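Good morning, and thank you for making time for this presentation. I would ask you to look at the structure on the screen while I speak.

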Amino acid sequence: MPDTNRTVTVDGVEVEVAEGATLLDACNAAGVETPTICWAENLTPVNVCRVCVVELEGSRTLVPSCSRPAEDGMVVLTDSERVRHSRRMVLEFLATGVDLSQAPEINRWSAEYGVDTERYPDGERIDEPVKVQDDLYIRDYEKCVQCYKCVEACGDDAQRTFAIAVAGRGFDSRISTEFDVTLPDSACVYCGNCIGVCPTNALQFKTEFDMRAAGEWRPEEQTITTTICSYCGVGCNLELHVQDNEIVKVTSPADHEVTNGHLCVKGRFGWTYVGNVDG
Ligand code: SF4
Ligand code: SF4
């Protein structure tokens with residue numbers, strides 16, 4: 001068998017990655033943590049956030065590490081001033097226009113790159129009321145960074161329902177149902193896979209939304225219990241998030257071989273009966 005591994009040098013450290021691996025995989029192999037927003041292990045990279053860019057020797061432009069296939073002999077810099085400057089700019093643009101108050105991972109990276117949230121004081125912020133159209137989940141597009149993860153999870157990468165897509169152009173672009181109809185009137189089947197991949201809480205369980213509004217959302221006190229969904233025989237892993245002895249939301253691990261983090265409406269939302277002792 002020919003050796004199909006690729007040798008890549010990341011910040012001076014030589015690593016070997018398998019055929020088909022990306023530069024992000026090479027960074028991980030070298031122990032270099034890389035910021036990502038639109039990338040997820042259970043989705044196909046769409047290359048829109050540009051926060052994972054690295055400097056690649058011989059390349060005129062910075063390249064997105066999440067989607068660039070690793071080739072033998074590549075030499076990559078992840079912490080040069082050029083890379084830091086580019087990542088900082090992306091994060092500053094996002095901090096200017098979007099409510100990132102429930103995006104701790106992005107805020108962690110903003111701190112790491114010294115983001116100045118006042119750099120663009122006249123920048124326009126997205127101004128849109130929260131869409132509360134059913135009892136299952138809400139959409140708060142003031143928090144949307146347009147990473148397209150929800151579109152991918154609803155489409156080719158998981159659900160294949162295609163209930164949501166990017167509408168509009170340029171500054172008017174936004175995530176929308178077809179003809180901007182309400183969720184109950186759309187093709188949505190309420191699998192909640194879009195919520196599962198959203199990095200900013202723009203898509204959020206109604207339970208969480210209500211508890212936050214009441215000042216009762218305390219994630220530091222929550223426990224997560226892993227179990228198997230009992231509705232059918234597929235065997236999806238569920239993670240039950242519990243606060244004060246009540247289930248408050250349900251997720252599934254992205255690396256689980258049955259679900260890849262994705263569920264159906266029953267596993268995602270069909271848990272209220274557990275606490276319904278009077279029902
Ligand atoms: S809940 Fe499922 S079907 Fe509905 S928009 Fe989200 S991913 Fe698409
Ligand atoms: S709603 Fe969430 S997942 Fe969808 S594009 Fe916006 S930030 Fe990304």
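Predicted model: local features only at pLDDT ≥ 70, side-chain atom pairs only at ≥ 80, totals over all residues.

Let us begin with the overall division. The protein chain is split into domain 1, residues 1-120, and domain 2, residues 131-275. Their C-alpha centres are 26 Å apart. Where they meet, 18 residues of domain 1 are in contact with 18 residues of domain 2. On the domain 1 side, the touching residues comprise 12 nonpolar, three polar and three charged ones.

I turn now to the sheets. One of them is open, has three strands in the order β6-β7-β10, and is paired in the antiparallel sense. Which strands stand at its edges? They are β6 (131-132) and β10 (203-205); each has a single partner strand, so one side of each is left without a neighbour in the sheet. Strand β7, residues 137-139, pairs with β10 over three bridges, in the antiparallel sense. If you look for R139, you will find that its bridge partner in β10 is L203. Helix α6, residues 206-213, packs on this sheet and touches β7 and β10. The direction of α6 makes about 85 degrees with that of β10.

Another open sheet of three strands has the order β11-β12-β13, again with antiparallel pairing. Its edge strands are β11 (223-228) and β13 (246-251), each of which pairs on one side only. From one strand to the next, the twist averages 35 degrees. Six bridges join β11 to β12, residues 237-243. T226, for example, has E239 in β12 as its bridge partner.

Next, the hairpin. Strands β8 and β9 form it, with six residues between them. In the turn, G168 has a positive phi of about 80 degrees. The strands β8 (residues 164-167) and β9 (residues 174-177) run antiparallel and are joined by four bridges, and A167 stands opposite R174. In a regular strand, side chains alternate between the two faces of the sheet.

Is R50 buried, exposed or partly exposed? It counts as partly exposed, because it has 17 C-beta neighbours inside 10 Å, whereas a buried residue needs 20 or more and an exposed one has 12 or fewer. Leaving aside residues up to four places away in sequence, R50 touches P64 and V90. R50 and S86 are 36 residues apart in sequence, with 8.5 Å between their C-alpha atoms.

Finally, the ligands. Around ligand 1 there are 13 residues, of which C154, T161, C188, C191 and C194 come nearest. Helices α4 (149-154) and α5 (193-197) each supply at least two residues of this shell. By class, the shell around ligand 1 has nine nonpolar, four polar and no charged residues. Ligand 2 is surrounded by 14 residues, and the closest are C144, C147, C150, C198 and A202. Its shell has 11 nonpolar, two polar and one charged residues.

That concludes my presentation; thank you for your attention.

Conventions. Residues numbered from 1 in each chain as written. Chains lettered and ligands numbered in written order. Near = placed C-beta within 6 Å. Nonpolar A, V, L, I, M, F, W, Y, C, P; charged D, E, K, R; others polar. Domains from an automatic or database assignment. Contact = placed C-beta atoms within 7 Å. Pairing = 2+ DSSP bridges. Axes fitted to C-alpha atoms, helices over the stretch in contact; angles between N-to-C directions.
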